[in-house]
Amino acid sequence: MIEFIFPFIGGIGLFLIGMKLLSDGLVAFAGGSLRSALVRFTDTSLKACLSGVVVTAVVQSSTATTVTLIGFVSAGLITFTQAIGVVIGASLGNTATGWIVAGLGLKISLGFYTLPMIGVGAMMHLLAAGRWKSMGLALAGFGTLFLGLDTLQEGMQGMASVLSFADLPVGGYGAYFLVMLTGLALTAVLQSSTAAVAMTLTALHAQAINFDQAAALVIGASIGTTLTSALVAIGGSLYAKRTALAYILFNLAAGLIATALLPVLIKLIDYANQHGLAPGALSLAAFHSLFIGIGVAIFLPLTPRFAYWVEKLMPERKDDAAQHLDDSLLGVPTVALEASQRALEDMAVQLVDGYEHLLAGQAGNQIEPTLARIQPVLEHAFDFVTRIQAPPGDAAAAAQQVAQLHAIDHLLRLRARLLDMARASVDFKRPEFQGVVGKSQDLLAQIRAVIALPAPQTTRDWLERIGENAWALTHLSTLARQEFLQGTHPGGAARTLHTTDVFRWLDRTGRHIWRACHHLAQGRYPETALSKSSPTQDADSTELEAV
């Protein structure tokens, strides 16, 4: 007995590890290409669905596709409606593994022939650099997957002679439902519908179960895979919960439809068997793709309404920028950096808005709640960005991460400056402030333009002007402070010192905004040398460190 159980358990483990290594390696190797492909080919529901199919089939993980989607929606790269299309396609793309297992793994003992691939992949991962290091991980995972499948097949054949899988219920919807629950439970335990489907294919190939039972097990596995998404979404961001809910509802609906139509679908597969489709494992892989395809055909035309309904169930809180930052995104660094970039730009806009309101004469106590809310978000953003592991050799991602950390530093300093001004109840309409306030307002208008600019070259041009205006603001503030000190003013020394402090606040606040904008622009276009765009934009000086 033990000689069958050990290979069975070990085969499952090797298969799961192989799938994990293959998926992680391919996602890391694809890097920005995965992101570009999904963003480029999701403008219609059909394209989004096809993108989900292709990407999931390539990276061999619907979870990786889903996590990537969460980041794209969070970063504003695609809409939630587009994401729904990709989620639906990911479910169909997830059936590709069944075809590989049925077409190759069960017909040819690939485990032996892929052993060199494991060795080569491991050496590449240890010795290579950059993206090829990740490709080595994927090769090792691919070889381990088929080694696990061979081991699992060996154990399943032995167990079939000892245990009677035929004792599973047969005939009628009640039996189908019980077997489906068995498949669901199996997927919940393994935390992988792919492994559950591979086990079912192996059992069918070993003739341990009949086709009807295998079909019901596959339906249960398809529904059970949503449990992983539900667990991942617990405590996650709003976008993670929405995406998980859409994935759960689609797979649940497709599974229930397949259960209701199971006798009809089995007859269709029988008809296909009579016209060239090989019976057994290949027929089960075709059945899996067939019922998911039916779900896609039903849901795809309803994608906008489906997305609207999910958004209604989970409405967005407009003032919560931290919802962009979900720990599940850390597995895909390029997506995590995109989400944090968007969150920081949102925070910058809110701080610029608050500063404009102060300069326009709005009471400071109306600004303080916004400043209080921004503080923990920036701290969370700092923690999130520091935990992003930029891919080895990816200079652009590393530069983007460093730029974001610099931006957070200046945004925190800016928030502290604004809080001081709000609590000081400064009257910026006083005549002595008008010149410096006007220059500050001009600077804020230019900052808004940079945040909205679409091209790196245009951004560089604007940053040069902003840098020049920031130093002009410093010069004007210094002159205004000196002129004020040379005059005689009512209120005595306390009023005089307070006024000169306001000039310093305006000067240093302007420079923090400039530097934050500069680093945010670097974060958006890390491949361009924005730090060299102007002689005035040198590294943050010791003068700024002292403020």
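Predicted model: local features only at pLDDT ≥ 70, side-chain atom pairs only at ≥ 80, totals over all residues.

Guide: Contact here means heavy atoms within 4.5 Å. Setting aside neighbours within four places in sequence, F428 is in contact with L358, L359, M421, F433, Q434, V437, V502 and L506.

The largest nonpolar core comprises 124 residues, and F428 is named with L284 and F287 as having the most contacts inside it. Helix 17, residues 333-359, supplies the largest share of this core, namely 13 residues. In soluble globular proteins, nonpolar side chains tend to be buried together.

Helix 17 also contains E345. With a relative accessible area of 14%, E345 is buried, because that value falls under the 20% cut-off. Beyond its neighbours within four places in sequence, E345 is in contact with L520 and R524.

The side chains of E379 and Q375 are joined by a polar contact of 2.6 Å. E379 and L412 are separated by 33 residues in sequence, while their C-alpha atoms are 8.5 Å apart in space.

Elsewhere in the chain, the packing of two helices can be described in detail. Helix 13 (residues 238-260) and helix 14 (residues 262-274) pack with their axes 4 Å apart, at an angle of about 75°. The two helices are therefore roughly perpendicular to each other, since the angle lies within the range of 65 to 115 degrees. Where they meet, helix 13 contributes A258, T259 and A260, and helix 14 contributes L262, P263 and L265. The residues of this contact divide into five nonpolar, one polar and no charged.

These details belong to a protein whose secondary structure consists of 23 helices and zero strands. Of the 547 residues in the protein, 52% are buried. Among contacts between residues at least 6 apart in sequence, 79% join residues at least 24 apart.

Conventions
Residues numbered from 1 in each chain as written. Heavy atoms only, no water. Polar contact = N/O pair within 3.5 Å; in protein donor to acceptor, adjacent residues only side chain to side chain. Axes fitted to C-alpha atoms, helices over the stretch in contact; angles between N-to-C directions. Parallel < 35°, antiparallel > 145°, perpendicular 65-115°, else oblique. Nonpolar A, V, L, I, M, F, W, Y, C, P; charged D, E, K, R; others polar. Core = buried A, V, L, I, M, F, W, Y, C linked by side-chain atoms within 4.5 Å. Buried < 20%, exposed > 50% of the residue type's maximum accessible area, 1.4 Å probe, protein only.
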